[in-house]
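Hello,

Here is the structure I promised to pass on to you. Have a look at it first, and my notes follow below.

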Amino acid sequence: MKAPRVTDTTLRDGSHAMKHQFTREQVQQIVQALDAAGVPVIEVTHGDGLAGSSIQYGFSGTSEMDLIETARQSATRAKIAALLIPGIGTRQELREAAQRGVQVVRIATHCTEADISEQHFGLAKELGLETVGFLMMAHMRPPEFLAEQAALMESYGADCVYIVDSAGAMLPDDARARVRALKERLSIQVGFHAHNNLGLAIGNTLAAIEAGADQVDGCLRGLGAGAGNAPTELIAAVLDRLGINPGLDVFALMDAAEYVVAPIMPYQPIPDRDAITIGYAGVYSTFLLHARHIAAEFGLDPRELLVELGRRQAVAGQEDWILDVAVDLAQAKQRVA
Amino acid sequence: MYKILRDPGHMELALVAGIDPQSEGLARARSLGIPASHEGIAAVLADPEIKIVFDATSAKAHVRHAKLLREAGKIAVDLTPAARGPYVVPPVNLGQHLDEPNVNLITCGGQATIPLVYAVSRVTPVRYAEIVSTVASRSAGPGTRQNIDEFTFTTARGLEALGGAQQGKAIIILNPAEPPILMRNTIYVIPAGDFDKDAVVASVEQMVADVQRYVPGYRLKSAPVFDRRSTPWGERVVIAMLLEVTGAGDFLPPYSGNLDIMTAAARQVGELFARHLLGVREEVVA
């Protein structure tokens, strides 16, 4: 096994748990702590990527472009990354993000729709950015299928393609097989992004590294959507014990989690009832807070909504389907009553 | 093509043109006895009897076609995002641009959602409108896939220009579920001030009925939902409308409601131009 590159996405995936209310001051403190601890890439964007600020996903408290600029100014050696989901963000925001300091762009599509990302990879390369492809909700398709989609992203100019377990639904063998299939098919790097809905974020991350993953993601204190992500400080400790620490300061990351991030967290993401249901039903982790809000409005159990969304094969970004399903379930109950 | 064959109104389908001699579409047209050509725009320009042209090529091609058609004195109904002429959504402004040589139909998501934003803005000023269009992966062709940003830009501009929103935003999501999902659109509207909910509901219901006259599969899944959310303008009531569009199944499968609403709008616009050219005066009924 070799040491993977670790990208911290507290300031992007964690944006969901923060309801997209990160401030410039918080970004500055978190970036300084990560940068000092040797984290090489720090992602900063609205949780749903560039231009994610919306009714559908929640409005940003501070413009993500301002946060990106602060992040870039606060880092001495770490690169700043942004997420872009075609269909939500466009090349227009990508250009602005690059002007404001982004050096890496992670371009995400549902794991069957890689061919909508060509124009974005093209522009990213033109702008001189490092490019990462993100195949979201990758538990929904088998390894060989994902390898074909990843190969499309490679052909558009990706420097790395990630298997993204957006639903936190994978078991270690699922993660291993998917990373291995991409390693065999591609000549570029392969990454893995975990969610902890089934309590397997660290386990799956390790399985992915065993299968050859070159890059993995973490969030301080696991601050992310659903039950959160693999905690960056925990990845550092485990890699260090495995003898493959990529240069991370384990104690500095623990301190960053403890003293910088924990005090500003609205709650500690854990695999609780609703988060486990997300992993179990295989739906997008960000549905958690939206499903709770809408379930309360309609007098429903969030789990009913989440299981039905899984049955309907909802994909990343379909927060509006939660309302749709709630309307259907409420109408069905009225008919019975 | 199928929509005009099924209900020609005051039009006559004179030619179907493409650029691929092996095209299945051209072969189908010929098998139905419709003249077809693989010589593209040249074949259209060669026939002086053709007055109205529906262009469903690509934005890039339409920029070139628009000029040629204008010079030839033909009216272009543009189904690409090229937007050389003014935007048209039939129940909003059909009839305002009858003297234009070129009109643009925005996007499928725009045709589906702009009528409902307009239905709100005609009773109360709209600060912000946002739409999320979810279409079955199988009904999104290579043109949409390679130019997904154009969908976002063009639809958002349409929400402002025709929907009447001060600010518009559009999101598109492709869903690969099997069996394929019907076209789903969520329309969120934030009015600029206090508003009369009953007036909004009545205006929306009227608009749904108006669209149904030419897109029978157009329906709201429930009455508009009013929900308080935090917004950049403070805590505000957001109007959410859940719209489903089932295709008529004339030729494309019913899940392609996105394509159906575009072709239905095109036929509607073409019919009005035809009546205008012929001097027919009565009200258009689809």
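**How the chains meet**

In this predicted model, 41 residues of chain B are in contact (heavy atoms within 4.5 Å) with 39 residues of chain A. Residues are numbered from 1 along each chain as its sequence is written, and chains are lettered from A in the order in which they are written. Local features need pLDDT of at least 70, side-chain atom pairs count only at pLDDT 80 or more, totals for chains, interfaces and linings use all residues, and side-chain values use heavy atoms, with hydrogens and water left out.

Between them the two chains, B and A, bury about 3,100 Å², with 52% of it on carbon and sulfur atoms; buried area is the accessible area (1.4 Å probe) lost on putting two parts together, summed over both. Seven salt bridges are counted between chain B and chain A, each a side-chain nitrogen of Lys or Arg within 4 Å of a carboxyl oxygen of Asp or Glu. One of them joins B:Arg145 to A:Asp115, whose closest N and O atoms are 2.6 Å apart.

Now for the cavities. A cavity is a set of points on a 1 Å grid over the protein atoms alone where a 1.4 Å probe fits but cannot get out, and lining residues have an atom within 4 Å of a point. The largest cavity has a volume of about 150 Å³, taken as the space filled by probe spheres set on the points, which are joined across faces, edges and corners. Of its 17 lining residues, those closest to the centre include A:His110 and B:Ile173.

Best wishes

Technical notes
On a 1 Å grid over the protein atoms alone, a cavity is a set of points where a 1.4 Å probe fits but cannot get out, and a pocket is an open set with protein on both sides within 12 Å along at least five of seven lines; lining residues have an atom within 4 Å of a point.
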